Amino acid sequence: MRSLASLSVIAALSLLASTATGEPRPRRLVFAPHWLPQAQFAGTYVALERGFYADAGLEVTILPSGPDHPPSRLLADGTADVASLWLTTALQMRDRGIPVVNVAQLLERSSLMVVAKRASGIRAPADLHGRRVGVWDGDLLVQPLAFFQRYEIDGELVPLGSTINLFLRDGVDATVAMWFNEYHTILNTGVEPGELTAFFLRDHGLDFPEDGLYCREETLARDPGLCLDFARATLAGWREAFAEPDEAVALTMRHMLEAHLGTNRAHQRWMLDRMQDLMRPGKGRAPGELAHADFERTARTLQESGWISSVPRFETFHHPPGRAP
Amino acid sequence: MRRRGIALQLGVLILGGSAVVLALIVAYNYTTARRIIVRQAEENAGNLVANTVGRVETVLRAAEKVPEGLAQVLAESSYPEAQLLEVLGKTVERNREVYGLTVAYEPYGARADAEYFAPYYYKSDGKLRFKFLGGESYRYFFMDWYQIPRHTGRSIWTEPYFDEGGGQVVMSTYAVPFYRTVEGQPRFAGVIAANVSLDWLETITSSMQLLSSGYAFLVSHNGMIVTHPDARLVMNESIFSLAETRRDAGLRALGRAMVQGETGMARTECLDGSDTCWLAFAPMPANGWAVAAMLPESEVMADVVALNRTMVLIGGVGSLLLVLVVVGALRSLSRPIWALAQASEEIARGNFDAAVPRVDSPREVAQLADAFAGMQRELKRYIRDLEESSAARERATEEAARLALERQALQRELDIAAGIQQSILPRTFPPFPERTDLDVFAAMIPAREVGGDFYDFFLVDRRRLGFVVGDVSGKGVPAAIFMALSRTLLKATALHGLPPGECLSRVNRLLCRENGSEMFVTVFYGILDAENGILEYANAGHPAPLLLRRSGEVERLPRTGGIALGALEGAEYLARRSRVQQGDTVFVFSDGVTESMTTDGRFFGEERLESALARFAGAPAAEMVEGVVAAVREFAGAQPPHDDLAVLAVRSAQPRQRSSTEEISARTRCSSATPSSPGRRSIGSPM
């Protein structure tokens, strides 16, 4: 409540300030999230709901992303001003000549995992050899392929849709999964954790930072405040979401229902809690800051695997948002 | 101080007891009824679930036939496109269950230039419509309905989904892979998918009425809730997400059983969390889903609870009535007891006339009241007696003094009687001083003041001396009086000069006639003829006298065999004769002599008597009597005599003159009436 009160004070003050400075109208900003509405973007919903964007003088529109509307494309073609992308995706875009800039790194750690049913006999990464493994197409393929390369796994890769049913019905022997999403979905079809073998790719030298907020270089150059204000307000939204998780989950579910998506509290709460686990920044870094070492490791791995030809300069690539106002 | 009354105590006991009994009955009733009802509910829910499964399966199996048939056809022959579309359209039109139908080919499988080829007929607003599926925005190769049959080679029912175009209709697709033979090998060619609207599922499950709030619902292969009265749960929550939100491991376990195709029944929290529910479930083999039924326990148990409530009410009211009756009864019972208690307090304060309440019933209390009244009467009498007793004590003291005086007087009179008794025995010795031929001496020592033994002697005529020793049965005054009577009768009879036997017979008759006291007397009566020494004698049960010869020889006078006088009326007594020489002595004694006893219980006996007597052979009669008496006394020592003792000795001596006999006779008669000095013991003078 205290935070609410102070927030409203801040809101009032900023309103006064904008009136005083005579700023005419809020700046429009279109945001393309990574995926369909879910708690993976709870911070954005909270920031929007609590008026953090408005306080920053932003009028934010959240695009309906999803498998058919990849955010990378939305950002590239200018539909979106800011997009939520994986670091690997951003590096690939940049390598392909789309200069995107990281204005906030949200997930510091990788949540990607490979899950198999113990009953299939898979106990170690090497057991995946010769098996059918479900993978997500596109830029989500980078890490799994690096993983398979690392363990010299020669298996059949089966591109997945948006469900884990192919895995559940034994259409594949193993599948990639997000810790915060599909892994829990599998558990909530009645599968016990003990019935699964699960590898976190981060435990196999592939701890690539995932979700980050990106905008195009030209946008940043034209209006540096736009992206960075958005990034700071989003980070504030996340802080608030973790402080009031029940409200954040309820808000997320509202967004999901509006998008005609099935949802339940248990899954969204799991996701929010995992986001908090993944978002905890390392020592000496402010929220939203990308660790240089993580950047280097990810970029070098991509370069070594041939995904990108060159590694961009860190300073050019990452513009930390700084403290939220 | 307040003590609880019996009515209250018993009331509490009865109420407590009946409460326990009631609780037991209700508990038993509840568990039994619950068991029965749960069994019934299980049966009902099981039937309902099975029924639902049957109905749903019928529809699903019907829908399955469409793509399966088509898959067979497509496997056998390659349809021209136009013909395929016609078949598809007609099939959709004809099959009510099928909402839409497509044959989706592998990339470039149908047309060499088309990555996506999936003609799709579907119903919309009651009309048959057509479109091609597939494209950048609908990459069907990655859809479950396509991918799963493709990669598993099996026909599947997909997880339910909302139809994107058709509003909020839940659909499931039955997808069948079809193959084409290429180079002799079957090669995967595509998937035939029939979209089946599941709105009828909702209709079926909602028509499954279970009591008033029980319901059936469907759970998908993944545990997703497909139909449920609460629409918010449908396609949002799964049985597992609900279990997680509630942290209900039991529900999760039930969910696993459901999705793993088990049939079961369990108690769990209702899905809305409001109550405990019975959950019955069974699998739907066609698509691996499960039908479940939820029965709120409160509703299942409603009848039992209502029954129990009624029982408790009846039992409670009954117990209360029982207590009221008992308390009332005990009040009326304890009222008289209380009144008695008050009366007893009143009496304790000294009011002995306090009114004792009259009680007629119950019997026990009435008895108590009677006993109490009796006690009061006794108490009053006792107090009265107590008051009188002091006066009585005074009177008793006076009486005792008077009795003492009387006893003194009596003693005096006894002393006089003893004197008289002694005095009636002839006590002057020698009795016939002028008769030298007869030496007579006698002694009688009574055991008590007056005795029953006696002796007597008298001259029957000038020549003959009659002598008697008797022993009356018993002692004391009655014996003394009987003795006096017997002696008088005997003497009076003897003086007629009758021979001894006849004399005793006559005296016996007289005694028997007069004898009212049942007493008898042993008597020895002898008549010694001083001139010729003839001793004639008769004996009525007396110890045989001894004859001490001058030589010192002791003989026993032969027995005559008569019984004691006064014992048998009409008894006859024989007489015997014996000759007494000069110097011989006839020694007559009562059993007091021979039966005289020492302290250690030895009798004096006849032998001791004979030897004592023998020492006095030739000695004067007096010397002999006194010697024997002294010997007896010496023998008995400190032992007081227990019997009277009478001894008489008659010695035949040298006659001097004949004339003197008559004088003796006269003097003897006189002497018997002469009183001698009174004394407790008397023995012939000169003692």
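How many residues of chain B are in contact with chain A, and how many of chain A with chain B? The count is 24 residues of chain B touching 23 residues of chain A. Before going further, please keep in mind that this is a predicted model. For the complex, the predictor gives an ipTM of 0.86 and a pTM of 0.62.

Let me stay with the contact between the chains for a moment. On the side of chain B that touches chain A, the elements giving two or more residues are helix H3 (144-152), H5 and H6 of chain B. H3(B) gives the most, with 5 residues. Sorted by class, this side of chain B has 8 nonpolar, 11 polar and 5 charged residues.

Two of those helices also pack against each other. Helix H5 (residues 239-246) of chain B meets helix H6 (residues 249-259) of chain B at an angle of about 170°, and their axes are 8 Å apart. Angles over 145 degrees count as roughly antiparallel, so H5(B) is roughly antiparallel to H6(B). From H5(B), the contact uses Ile239(B), Phe240(B), Leu242(B), Ala243(B) and Arg246(B). From H6(B), the residues are Leu251(B), Arg252(B), Gly255(B) and Met258(B). By class, that contact has 6 nonpolar, 1 polar and 2 charged residues.

Next, the chains one by one, starting with chain A. Chain A has 14 helices and 10 strands. Of its 325 residues, 51% are buried. If we take contacts in chain A between residues at least 6 apart in sequence, 81% of them join residues at least 24 apart.

Is helix H2 (residues 42-49) of chain A mostly covered or mostly open? Mostly covered: 7 of its 8 residues are buried. These are Ala42(A), Gly43(A), Thr44(A), Tyr45(A), Val46(A), Ala47(A) and Leu48(A). What do they pack against? Their partners in chain A are strand E1 (27-32), helix H3 (52-55), strand E2 (58-62), helix H10 (224-243), helix H11 (245-258) and helix H12 (265-279). Just after H2(A), Gly51(A) has a positive phi of about 80°.

Now chain B. Here there are 15 helices and 23 strands. Buried residues are 37% of the 687 in the chain. Among contacts in chain B between residues at least 6 apart in sequence, 65% join residues at least 24 apart.

In soluble globular proteins, nonpolar side chains tend to be buried together. In this model the largest nonpolar core has 183 residues, and those with the most contacts inside it are Tyr214(A), Val219(B), Val291(B) and Ala292(B). Helix H1 (residues 6-76) of chain B supplies the largest share of this core, 12 residues. Take Ala292(B): beyond its neighbours within four places in sequence, it is in contact with Ala216(B), Phe217(B), Val219(B), Met258(B), Leu279(B), Ala280(B) and Phe281(B). Apart from that core lies another, of 80 residues, among them Phe432(B), Leu489(B), Phe520(B) and Phe589(B).

Last, confidence in chain B. The average pLDDT is 82, and 93% of the residues score at least 70. Where is confidence lowest in chain B, and where is it highest? It is lowest in helix H15 (residues 660-671) of chain B, at a mean of 39, and highest in strand E4 (residues 156-157) of chain B, at 94. Over residues 657-687 of chain B, pLDDT stays under 50, and the model has 45 contacts beyond four places in sequence for them.

Technical notes
Residues are numbered from 1 along each chain as its sequence is written. Chains are lettered from A and ligands numbered from 1 in the order in which they are written. A residue is buried if 20 or more other C-beta atoms lie within 10 Å of its own, exposed if 12 or fewer, and partly exposed in between; C-beta atoms are placed from the backbone. Helices (H or I, at least four residues) and strands (E, at least two) are DSSP runs, numbered from the N terminus. Two residues are in contact if their C-beta atoms, placed from the backbone, lie within 7 Å. pLDDT is the predictor's confidence in each residue, from 0 to 100. Axes are lines fitted to C-alpha atoms, for helices over the stretch in contact, and angles run from 0 to 180 degrees between N-to-C directions. Angles under 35 degrees count as roughly parallel, over 145 as roughly antiparallel, 65 to 115 as roughly perpendicular and the rest as oblique. Ala, Val, Leu, Ile, Met, Phe, Trp, Tyr, Cys and Pro count as nonpolar, Asp, Glu, Lys and Arg as charged, and the others, Gly among them, as polar. A nonpolar core is a set of buried Ala, Val, Leu, Ile, Met, Phe, Trp, Tyr and Cys residues joined through C-beta atoms within 7 Å.
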